[in-house]
Amino acid sequence: PEDFKYLCVAESGFDTKAYSPAKAAGLWQLLESTAKENGLQVNTEVDERYHVEKSTEVACRMFKSAYQKYGSWALVAASYNGGRAGLDQKISAQKVKSYYDLLFVEETARYVFRILALKLVMEDPEKYGFKVDKRDLYPVIETKDVEVKGPVSDLAVFAISHGINYKILKMFNPWLRDSFLKNTKKKTYILKIPEKGFRTKTN
C-alpha cells in the first residue's frame with residue numbers, strides 16, 4: 001500500500017544516511033544480513049542499503065512476502081519492526097492473530113499508530129498546527145543516469161568531469177562509501193548526476 005511510505009518516515013525520517021545503534025542503515029533501516037539476503041551489495045566501497053531505489057525495492061518485496069504469510073498489513077508492519085520470528089512467537093504464545101489484540105513491547109505496540117500519525121500530519125500539516133511555506137520545501141532536482149562499468153580511481157575527478165563536485169556526487173549517491181570504486185568484478189553501476197542548472201532550482 002502507498003501508505004507504507006510513512007513506515008519509511010518512522011524508520012529513518014527520509015534520511016538516506018541514517019544509521020542505527022543496531023547497525024541498520026539507509027531509508028528502510030536494513031541490517032547488513034537482511035540486505036545481502038535480498039541481493040544488495042554491502043562492503044567498504046558500496047553499501048546499497050543507502051541506495052534509494054534498490055533498498056526500496058527490497059523493502060517492498062519484504063512487505064509483500066510478509067503479507068502472503070500474515071494476510072494483515074498491520075502485522076506486516078509489526079514484523080518489519082520486531083522481526084518475523086518474534087511475531088510468530090507472540091502469535092503462538094498468545095493464541096491471537098490480530099495486531100490490535102497482541103501484547104507487544106512498547107516500540108512495536110505503538111509502531112502502527114506512529115505511522116498513522118505521521119500520515120495524518122504530513123498529508124495535512126496545517127490541521128495539526130504546522131504551517132509550511134512553499135518556499136521552505138525542497139525543490140525536485142532532475143538527474144541523469146551515468147553508467148559506470150569499470151573502476152573509478154578518484155571519484156572527485158569523476159565528479160568534476162561531470163560538472164559537479166565530490167560533495168554533490170555523494171549527496172546524490174550515498175551508497176558510494178569511499179573516494180574510489182575499484183569495481184574488480186566489472187559490475188555496472190548507475191550514478192545519479194544532477195542536471196545542469198540544479199543549483200539555481202527553486203519551487
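Predicted model: local features only at pLDDT ≥ 70, side-chain atom pairs only at ≥ 80, totals over all residues.
Two parts of the chain are in contact when heavy atoms lie within 4.5 Å of each other. What covers the buried residues of α7? Their cover includes α1 (5-12), α4 (73-82) and α6 (106-109).

The helix itself runs over residues 111-123, which makes 13 residues in total. From the first C-alpha of α7 to the last, the reach is 18 Å, close to the 18 Å expected at 1.5 Å a residue. Tucked away in α7 are Y111, V112, I115 and K119, which are buried. Looking down the axis of α7, these buried residues fall within an arc of 105°, so they line one face of the helix.

Together with D3 and E123, K119 is linked in a network of salt bridges. K119 is also one of the buried residues of α7.

How many salt bridges does the structure hold? The count comes to twelve. Among them is the pair E48 and K54, whose side chains meet with an N to O distance of 2.8 Å. The two partners sit in rather unlike surroundings. E48 has a relative accessibility of 2%, so it counts as buried because the cut-off is under 20%. K54, on the other hand, has a relative accessible area of 30% and is partly exposed.

Another salt bridge joins K192 to D145, and here the closest N and O atoms are 2.9 Å apart. K192 belongs to strand β2 (residues 189-194) and D145 to strand β1 (residues 143-148), so this pair ties together parts that are 47 residues apart in sequence. As for K192, its relative accessibility of 21% makes it partly exposed; buried would mean under 20%.

Then there is the salt bridge between E147 and K149, with the closest N and O atoms 3.6 Å apart. Are these two residues buried or exposed? Both E147 and K149 are exposed.

Finally, there is the stretch of chain beyond the strands. T200 is found in the segment after β2. With a relative accessibility of 65%, T200 counts as exposed. How many residues apart along the chain are T200 and Y67? The answer is 133, and their C-alpha atoms are separated by 44 Å.

Terms used: Residues numbered from 1 in each chain as written. Heavy atoms only, no water. Salt bridge = Lys/Arg side-chain N within 4 Å of Asp/Glu carboxyl O. Buried < 20%, exposed > 50% of the residue type's maximum accessible area, 1.4 Å probe, protein only. Helix = DSSP H or I, 4+ residues; strand = E, 2+ residues; numbered from the N terminus. Expected span 1.5 Å × (residues − 1). Arc of directions from axis to C-beta.
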